[in-house]
Amino acid sequence: MPQITVDHSRFLSFDREGFARGLHTAVVEIAAAKPEACKTQFRPSEVTAFGYEDPGDLGHAVVHVTIGLLAGRTDETKAELTEAVLELLREHIENDGVATLHASAEIRDLDPSYRKFEE
């Protein structure tokens, strides 16, 4: 915990390393996570479809961040973290003006069945 995934259009000019460092700091400061527990997986997508447009059209780029936390954070804490994520995306994605960027984020509680192991 936390479990973080970042789904994004592959062609984005995205400083993933800088984003992950800033995101982990925000998760620790805002949601009281342990630094060593923060892990982020980036999943670039070759094709992103937007509306009724051709999926190969590069006029739109998508990035969505999902953060799964153990239950117990208030709605206010989750909203504060979501806003911090969106600001970090603004800082770490270079807007070349060619594509419209559609960025979103959500914080969700991990299911009580969540388990993990480290080896």
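1. In this predicted model, R21 is partly exposed, its relative accessibility being 49%, while E17 has a relative accessibility of 58% and is therefore classed as exposed, since that label applies over 50%. These two residues form a salt bridge in which the closest N and O atoms are 2.8 Å apart. Both belong to helix 1, which covers residues 16-31, and because they are 4 residues apart there, about one helical turn separates R21 from E17.

2. A second pair to look at is R90 with E87, a salt bridge whose closest N and O atoms lie 3.5 Å apart. Here the two residues are 3 residues apart in helix 2 (residues 75-92), and the separation again comes to about one helical turn. R90 is exposed, at a relative accessible area of 58%, whereas E87, at 38%, is partly exposed.

3. What does the salt bridge between R10 and E46, with its closest N and O atoms 2.7 Å apart, tie together? R10 sits in the loop between strand 1 (3-9) and strand 2 (13-14), and E46 sits in the loop between strand 3 (39-45) and strand 4 (60-69), so the pair links parts that are 36 residues apart in sequence. Of this pair, R10 is partly exposed with a relative accessible area of 43%, and E46 is exposed with a relative accessibility of 61%.

4. As for the total, the structure holds 6 salt bridges, among them R21 with E17, R90 with E87 and R10 with E46.

How values were computed. Residues numbered from 1 in each chain as written. Predicted model: local features only at pLDDT ≥ 70, side-chain atom pairs only at ≥ 80, totals over all residues. Heavy atoms only, no water. Salt bridge = Lys/Arg side-chain N within 4 Å of Asp/Glu carboxyl O. Buried < 20%, exposed > 50% of the residue type's maximum accessible area, 1.4 Å probe, protein only.
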